[in-house]
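Work through the exercises below with the model open. Each task is followed by a solution in steps.

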Amino acid sequence: GWLAGWWQLVDFGAQMLVLSLSPSSYRRSQRSMLYREFYAATAPLLPTFIVIASVVSLVIIRIVVATAESYGLSRYALDVLVRTLVLELLPLMVALFVALRYTLPGADAVAALRAQGHLHAMWRAGRDPARDELLPRVLAGGLAVALLAALGCLLALLLTYLTVYGFTTWGFDAYTRTVGQVFNPAVTLIFCGKVLYLSLVVAIVPVAPEQLRRGGVHRRRRDNIGLLGRVFALILLGEVLALVGNYY
């Protein structure tokens with residue numbers, strides 16, 4: 001049963017990837033649903049995310065800078081900040097944030113549609129429920145992770161510069177040189193691959209067919225905890241693989 005559940009998840013993810021590459025998934029009648037889900041996955045999350053990302057970034061930046069100065073290693077502070085905060089911590093935080101605020105709450109709505117027979121009724125009416133109902137949610141979740149990851153990394157880089165050099169431009173050349181040395185082609189490729197992987201995990205796992213909730217409140221709570229555990233395990237796996245690729 002455990003293997004069957006993972007295989008079902010992989011099969012559903014493959015279906016979503018194929019549908020996302022199909023031109024018929026973006027026909028005019030489908031665009032309104034796509035736009036609505038894109039807005040629901042990004043706009044309500046932006047203010048809270050900006051505040052959380054700014055506070056977390058400022059705390060970590062201050063800790064790293066103060067620690068480096070106390071040991072006389074200030075020249076390594078920028079390199080450590082870019083590698084730890086931008087490459088590792090922020091993508092992980094974004095994936096968990098989008099999962100908790102958008103995709104995991106939406107899993108209950110998808111499970112309710114399945115339990116009520118809505119998706120089966122769409123199929124009997126000649127429509128494709130995977131393309132018309134589930135794909136917009138998957139695309140919106142993936143887009144939210146990619147967008148917030150890019151925004152969070154840019155915000156962290158800006159706050160790092162302001163913390164170290166202040167509101168001046170004299171350190172811009174040295175700062176961009178340090179960031180460019182960290183983001184070499186191999187690291188950039190691994191970083192983009194990790195963000196893509198996190199987007200797929202956060203977007204696909206919560207709406208997979210296996211996650212149908214049945215029973216009372218306690219059963220739904222157990223299902224939600226198990227779903228969160230599966231998402232977190234896959235996110236952690238991607239993080240470990242990215243660390244191996246970057247530092248081994």
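**Exercise 1.** Is K194 buried or exposed?

*Solution.* This is a predicted model, in which local features need pLDDT of at least 70 and side-chain atom pairs count only at pLDDT 80 or more, while totals for chains, interfaces and linings use all residues. Residues are numbered from 1 along each chain as its sequence is written, and side-chain values use heavy atoms, with hydrogens and water left out.

Step 1. Take the cut-offs: buried means under 20% relative accessible area, exposed over 50%, and partly exposed in between (1.4 Å probe, protein chains only).
Step 2. K194 has a relative accessible area of 4%, so this lysine is buried.
Step 3. Helices are DSSP runs of H or I with at least four residues, numbered from the N terminus.

**Exercise 2.** Which side chain makes a polar contact with the side chain of K194?

*Solution.* Step 1. A polar contact is a pair of N or O atoms within 3.5 Å; within protein, one must be able to donate a hydrogen and the other to accept it, and residues adjacent in sequence count only if both atoms are side-chain atoms.
Step 1. The partner is E239, at 3.4 Å.
Step 2. Leaving aside residues up to four places away in sequence, K194 touches L87, E88, P91, G238, E239 and A242.

**Exercise 3.** How are the rings of Y161 and F172 arranged?

*Solution.* Step 1. Rings of Phe, Tyr and Trp (its six-membered ring) pair if their centres lie within 6.5 Å; planes under 30 degrees apart count as stacked, over 60 as edge-to-face and the rest as tilted.
Step 1. The structure holds 7 aromatic pairs. In the pair of Y161 and F172, the centres are 6.5 Å apart and the planes stand at 75 degrees, so the arrangement is edge-to-face.
Step 2. Y161 is in helix α6 (residues 129-165) and F172 in helix α7 (residues 172-182), so the pair ties together parts 11 residues apart in sequence.
Step 3. Y161 is buried at 9% relative accessible area, whereas F172 is partly exposed at 48%.
Step 4. Y161 also pairs edge-to-face with Y175, with centres 5.3 Å apart and planes at 65 degrees. Y161, Y165, W170, F172 and Y175 form one aromatic cluster.

Terms used
Contact means heavy atoms within 4.5 Å. Helices (H or I, at least four residues) and strands (E, at least two) are DSSP runs, numbered from the N terminus.
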